Amino acid sequence: MLYLDTARLGQTSPSALETQVDFFRLTAEQPSSLYADRFLAEGIQAAPDSWIERFPGLGRWRGIAELKKKVLVAADAPSEHEVAIASRSTLLMRTAASAMYRLCRNVLVTDLNWPAYQAEVANTAARTHQRYTVFSCRNELRRHRMSSERIVSEIAEHYKQQSCDGIFLPLVDNLGIKLPVKQIVAAISEIASPRFVLIDGAQALGHLPKIDVHDHCDIFIAGGHKWLRSGHPIGIAIYGRTRSRDHLSRCFNAVDRTNRIDDSLCRFVSALSERSISNQYSETVNVSPLLSFRAALEDFPSSSEVRHQHWRDQAVNQSRVRAVACRNGWMPQSGGKDFHSGILTIHPRKRPRERSRGDSLRRQLDEHAIAASCYGGGILRMSMPKRILEMGELQKIQFALNQCG
């Protein structure tokens, strides 16, 4: 199977797979020991010596504090920033939106935002009797009618005209458009510094060779199950700007039922961080996503040089697959060279009429042993591998597109 899909769940990394297997072996042999000792809080060094021999995959777990440090390194975030972890990134997004609207009256969003996240902003705005303003740019970007400089200036101008005081942007949208977020926030700040900047990094973490927005945003929402390949859905939020750090910490670590985040894993991690798990926590929680996430980070390159080489290899793959697609009746659907990422989105020149085209296309690709994301209207989304595709793989893609177009 040729895997070209990171839309929802990435392909589990080798280390994450080994850790999952050994963790489930442990739960089969010693199910009652997990919460009674210090393993989850402090790591393998706090477990019996026999564990490392019998369950070597657990040796990558070194406690919750070390996991957060690894997350910050993978995300290129300052070491003093905070990390919140939850079973679903949507719940972190909900908390972030609530925190944003405690400070903002009118938040600028774009039509590139993931619909579920956009809905959280809209619902929070309605609940708090505030506003959000949409800047539409997807169609212009799709037709290659915008440069990076133009979108920066137009978003900043729209922000000013609509009297916005906050902003929510994706670093990379779900169809592969990479926005110049750093430049956008800088341009807006020249007009009036936004009270709150929220960035969706779900398709950026583990994908882009470098993430350089942390000094320009109040919170960065992402996950470990897409490009980082943890194998389990897991959400993370990174924050630490002086002006909003305490405010966000209170939101993510609230103890009262009215304000605390409705996620058992997030509360469990907070209790682990405070070393109070035995006294305060009684709910049964699936902790395997934590262990798998830490293991997946072991497979993610810490070297900037390696990450940039992967990025270059993805660019080569995209160029070759784009050429194959164009020769077989498909058209690229992206924002052009100023907005490219490791995600290629294409559609057939003759758009299908049937609404079920996404499911039909997915089944057709599966028959050719290709995994990719398919949407209505025949839109096909392919995440480029971080290695150069072999000739046989390109021929497989060419044959599948010729048959499916």
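**Cysteines, rings and charged pairs**

Student: Let's start with C104. Buried or exposed?
Tutor: C104 counts as buried, at 0% relative accessibility. Buried means under 20% relative accessible area, exposed means over 50%, and partly exposed is what's in between, using a 1.4 Å probe and protein chains only. Before we go on, this is a predicted model: local features need pLDDT of at least 70, side-chain atom pairs count only at pLDDT 80 or more, and totals for chains, interfaces and linings use all residues. Residues are numbered from 1 along each chain as its sequence is written, and side-chain values use heavy atoms, with hydrogens and water left out.

Student: OK. How many disulfides does the whole structure have?
Tutor: Zero, according to a search of the whole structure. For C104, the nearest cysteine sulfur belongs to C164 and is 9.5 Å away, while a disulfide needs a pair of cysteine sulfur atoms within 2.5 Å.

Student: Switching to rings. How many aromatic pairs are there?
Tutor: The search of the whole structure finds three. One of them is F39 with W51: the ring centres are 5.2 Å apart and the planes sit at 75 degrees, so this pair is edge-to-face. The rule is that rings of Phe, Tyr and Trp (its six-membered ring) pair if their centres lie within 6.5 Å; planes under 30 degrees apart are stacked, over 60 edge-to-face, and the rest tilted.

Student: Where do F39 and W51 sit in the chain?
Tutor: F39 is in helix α2 (residues 39-42) and W51 is in helix α3, so to speak two distant parts of the chain, 12 residues apart. Both residues are buried. The helix labels come from DSSP runs numbered from the N terminus: helices are H or I with at least four residues, strands are E with at least two.

Student: How exposed are E29 and R54?
Tutor: E29 is partly exposed at 43% relative accessibility, and R54 is partly exposed at 35%.

Student: Which residues does D218 bridge to?
Tutor: D218 forms a salt bridge with R241, the closest N and O atoms being 3.8 Å apart. That pair links the loop between β6 (196-200) and β7 (219-223), where D218 is, with the loop between β8 (235-239) and α10 (245-252), where R241 is. D218 also bridges to R243, at 2.6 Å between the closest N and O atoms. R243 lies in the loop between β8 and α10, so this pair ties together parts 25 residues apart in sequence.

Student: D218: buried or exposed?
Tutor: Buried, with a relative accessible area of 0%. R241 is partly exposed at 22%, and so is R243, at 40%.

Student: Which residues make up a salt-bridge network?
Tutor: R62, E66, R294 and E298 are linked in one. R294 is in helix α13 (residues 288-299) and is buried at 1% relative accessible area. The R294 side chain makes a polar contact of 2.8 Å with the side chain of E66. A polar contact is a pair of N or O atoms within 3.5 Å; within protein, one must be able to donate a hydrogen and the other to accept it, and residues adjacent in sequence count only if both atoms are side-chain atoms.

Student: Back to α1. What covers its buried residues?
Tutor: The cover includes α3 and α13. Among the buried residues of α1 is S15, at 7% relative accessibility. The S15 side chain makes polar contacts with the side chains of R60, at 3.5 Å, and D299, at 2.7 Å. Neighbours within four places aside, S15 is in contact (heavy atoms within 4.5 Å) with R60, A295, E298 and D299.

Technical notes. Salt bridge = Lys/Arg side-chain N within 4 Å of Asp/Glu carboxyl O.
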